[in-house]
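Dear colleague,

My findings follow directly after it.

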Amino acid sequence: MSYQIAIVAYGKFAQSGNYWPDDNWLRLELARRGHNVSIVDWEIPFDPIIFDAIFISTTWNFHYDPNRFLNWLDSCEIDGKSRLINDKRLLKHAVRKYDIMLPLLERFGEKPSVTGSIVPTRFFIPAHISNELYNSRFANAFNLNQLEHEYLTNQIEKIERQNSEDESLWLEADLVLKPACSADGRMTYLYSRIDAEYLVASQHENILLTKASIANGTFLEILSDTDNQGGIIQIYQRAVQSGEYSLTFFNDELSHAVKKPGGFRQDVSLDRIFVGERDLPDGMLDFANRILLFVCEKYGLQAIPRVRVDMFTDENGPILSEIEFLEPNTNLRNVPEKLRNELIQRYADAILKQIILLKG
């Protein structure tokens with residue numbers, strides 16, 4: 001059976017001749033199998049009813065107008081039936097990082113562990129989004145309306161006091177400040193409270209903050225931008241200096257992994273190095289699999305067609321830094337060509353399997 005399939009990108013990568021390589025390889029493989037595939041711009045209106053399935057792929061500008069993007073996701077549902085390949089609820093929760101990460105923090109914790117942990121994180125959520133679920137159930141979430149825009153340093157002191165009985169990881173820790181809705185490091189800063197001896201690329205020197213007054217003003221700026229949907233502070237992980245691992249899964253099975261160059265905000269996508277499964281640090285793949293199993297159970301899913309799990313590792317074990325369900329860069333450009341062709345076929349298999357489930 002032949003399907004009409006939309007691969008959704010943003011303007012720059014929705015133009016013929018300038019498709020993102022991963023999208024184009026997928027398009028060509030699906031077309032080779034007899035399907036009609038179009039790469040479309042989510043910001044240019046189109047009628048979803050003409051497609052059997054809509055695959056969110058490289059909508060890398062959604063964070064500039066997240067509410068519009070959320071409404072657009074709803075528009076892909078016609079007569080109560082979604083045409084989105086991934087689960088719509090999961091996609092919408094992936095727009096704001098706390099919707100995904102708060103349950104993961106509750107389940108796996110932030111204390112270093114040989115079996116895996118989550119980067120210690122606190123979320124500051126706007127009052128119109130925050131509700132009883134966030135305020136009462138999750139200790140890592142704060143209602144911005146109740147904070148009355150207190151300085152960042154005041155909040156850090158409160159967090160340190162709350163965790164003082166447990167040899168707090170937060171005591172004098174260096175911090176990462178960023179929006180709750182962002183991409184590609186937009187408005188992401190390193191607040192160094194002890195020293196500034198970090199490998200920060202010269203073109204990003206302005207993101208290194210060493211004075212409390214500047215850090216306070218920067219965080220208030222993040223919180224005041226409504227498109228950011230709130231703010232995040234995290235403990236800076238020294239493991240960043242060794243490089244972050246990105247694991248891509250199709251239908252919950254590891255497809256491939258790459259390792260990013262070490263250093264804060266020094267990543268250039270073409271510099272990422274392909275890593276074989278056997279070369280992944282001990283416990284990393286097992287932890288990633290447990291995370292995906294938890295998410296599938298939470299959302300009632302058989303499998304997730306495509307997801308990228310980003311992790312660090314240190315002497316204590318694997319550490320989850322981020323999980324990307326919405327529009328992950330799958331890093332296929334960094335895979336050796338001979339293996340890449342096989343992975344593209346698996347990628348297409350995952351998409352077609354989900355279309356069959358979608359069509360019932």
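Are F13 and W20 buried or exposed? Both F13 and W20 are buried, where buried means under 20% relative accessible area, exposed over 50% and partly exposed in between, with a 1.4 Å probe and protein chains only.

Please note that this is a predicted model, in which local features need pLDDT of at least 70, side-chain atom pairs count only at pLDDT 80 or more, and totals for chains, interfaces and linings use all residues. Residues are numbered from 1 along each chain as its sequence is written, and side-chain values use heavy atoms, with hydrogens and water left out.

Aromatic residues

The structure holds 17 aromatic pairs; rings of Phe, Tyr and Trp (its six-membered ring) pair if their centres lie within 6.5 Å, and planes under 30 degrees apart count as stacked, over 60 as edge-to-face and the rest as tilted. The ring centres of F13 and W20 are 5.1 Å apart with the planes at 70°, so this pair is edge-to-face. Y98 and F123 also form an edge-to-face pair, at 6.1 Å centre to centre and 80° between the planes. This pair links distant parts of the chain, 25 residues apart: Y98 belongs to helix α4 (residues 97-108) and F123 to strand β7 (residues 121-125). Y98 counts as buried because its relative accessibility is 0%, and F123 counts as buried because its value is 1%.

V119 lies in the loop between β6 (117-118) and β7. With a relative accessibility of 3%, V119 counts as buried. Leaving aside neighbours within four places in sequence, V119 is in contact (heavy atoms within 4.5 Å) with L105, Q234, I235, Q237, F312, I319, L320 and S321.

The protein as a whole

The secondary structure comes to 10 helices and 17 strands, which are DSSP runs numbered from the N terminus (helices H or I, at least four residues; strands E, at least two). The radius of gyration of the protein is 21 Å, which agrees with the value near 21 Å for a compact globule of 360 residues; the radius is taken over C-alpha atoms, and the globule rule is 2.2 Å times the number of residues to the power 0.38. Buried residues make up 57% of the 360 residues. Of the contacts with a separation of 6 or more, 67% are between residues 24 or more positions apart.

Yours sincerely
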